[in-house]
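Subject: Structure handover

Hi,

Here is the structure I said I would pass on. Please open it first, then read my notes below.

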Amino acid sequence: MDTITKMNQLSFRQGLNSETAFTIKLTNSKFDSFAGSELFSKVESWVSANVMMNNKEVPVLIVDMENVEFIDSQGLQKLLACLRLMQSQKSNLLLCSQQPSVSLVFEITRIDQLFAVFPSVDKFINQFDKQGQGAEYLLAA
């Protein structure tokens, strides 16, 4: 079950033009068209809810890919669609914790140049928040 988690970070404004960031942890080892469509649907709903409720900027979304061992071209296409959606709302989609096999696919296709990729969620947090506050559970999908 993929989950979306709110990260309470006060210093994100400095680096990301956002006060908060959210993570979604992918739980399947395979990221293909089906998993990509599920992710896109969740991101689309989440963006719509943020726009309707806040009428402010959409927070940054971090996709934790720690469990993903395989990604195909359809999965890449869905990730790109999520990135375009987030950027259309003046936000961003970041990736972290890629397995070597997934990282290699990103490098070969040069899609790694389109995404900010972090080694782990912790390294992302440490880069933008030296206090390292914890994450708060928000939504289970």
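Start with lysine 90. Its relative accessibility is 75%, so lysine 90 counts as exposed, the cut-off being over 50%. Lysine 90 sits in the loop between helix H3 (73–88) and strand E6 (93–96). Its phi is near 60°, a positive value in a residue other than glycine. Most residues other than glycine have a negative phi. Keep in mind throughout that this is a predicted model.

Serine 91 is in the loop between H3 and E6 too. Is serine 91 buried or exposed? With a relative accessible area of 11%, serine 91 is buried, because buried means under 20%. Its side chain reaches two backbone oxygens. One belongs to valine 58, at 2.8 Å. The other belongs to proline 59, at 3.1 Å.

Serine 97 also has a positive phi, near 60°. Serine 97 lies in the loop between E6 and helix H4 (100–109). Its relative accessible area is 12%, so serine 97 is buried.

Now the overall plan. The protein chain has five helices and eight strands. From the N terminus on, the order is β-α-β-β-α-β-β-α-β-α-β-α-β. The chain has 141 residues, and 43% of them count as buried.

Next, the strands. E2 and strand E4 (residues 60–64) are parallel and pair over five bridges. Lysine 25 stands opposite aspartate 64 of E4. E2 is mostly covered, with five of its six residues buried.

E4 also pairs with E6. These two run parallel and are joined by four bridges. Isoleucine 62 has leucine 94 in E6 as its bridge partner. E6 in turn pairs with strand E7 (residues 116–118), again in the parallel sense, over three bridges. There, leucine 94 is partnered by alanine 116.

Which way do the residues of E6 point? Leu93 and Leu95 point one way, and Leu94 and Cys96 the other way. All of these are buried. In a regular strand the side chains alternate between the two faces of the sheet.

On to helix H2. Its 22 residues should span 32 Å at 1.5 Å a residue, and the end C-alpha atoms are 31 Å apart, which agrees. The buried residues of H2 are Ala35, Gly36, Leu39, Val43, Trp46, Val47 and Asn50. Why do they line one face of the helix? Seen down the axis of H2, the buried residues fall within an arc of 100°, so they share one face. An α-helix has 3.6 residues a turn, so residues three or four places apart point the same way. Phe34, Met52 and Met53 are exposed on the other side of H2. At the start of H2 there is a contact to look at. A side-chain oxygen of aspartate 32 comes to within 3.3 Å of the backbone nitrogen of phenylalanine 34.

Then the aromatic pairs. How many does the structure hold? There are two. One is made by phenylalanine 22 and tryptophan 46, edge-to-face, with 5.2 Å centre to centre and 65° between the planes. This pair links distant parts of the chain. Phenylalanine 22 is in strand E2 (residues 20–25), tryptophan 46 is in helix H2 (residues 33–54), and the two are 24 residues apart. Both phenylalanine 22 and tryptophan 46 are buried.

The other pair is phenylalanine 106 with phenylalanine 115. This one is edge-to-face as well, at 6.1 Å centre to centre and 70° between the planes. Phenylalanine 106 and phenylalanine 115 are buried.

Last, the core. The largest nonpolar core has 28 residues. Which of them touch the most other members? They are Met65, Leu79, Leu93, Phe106 and Phe115. E2, H2, E4, H3, E6 and H4 each give two or more residues to this core. H3 gives the most, with seven residues.

Leu93 is buried and points from E6 the same way as Leu95, and Leu93 is among the core residues that touch the most other members.

Best wishes

Terms used
Residues numbered from 1 in each chain as written. Predicted model: local features only at pLDDT ≥ 70, side-chain atom pairs only at ≥ 80, totals over all residues. Heavy atoms only, no water. Phe/Tyr/Trp six-rings, centres within 6.5 Å; stacked < 30°, edge-to-face > 60°. Buried < 20%, exposed > 50% of the residue type's maximum accessible area, 1.4 Å probe, protein only. Expected span 1.5 Å × (residues − 1). Arc of directions from axis to C-beta. Polar contact = N/O pair within 3.5 Å; in protein donor to acceptor, adjacent residues only side chain to side chain. Pairing = 2+ DSSP bridges. Core = buried A, V, L, I, M, F, W, Y, C linked by side-chain atoms within 4.5 Å.
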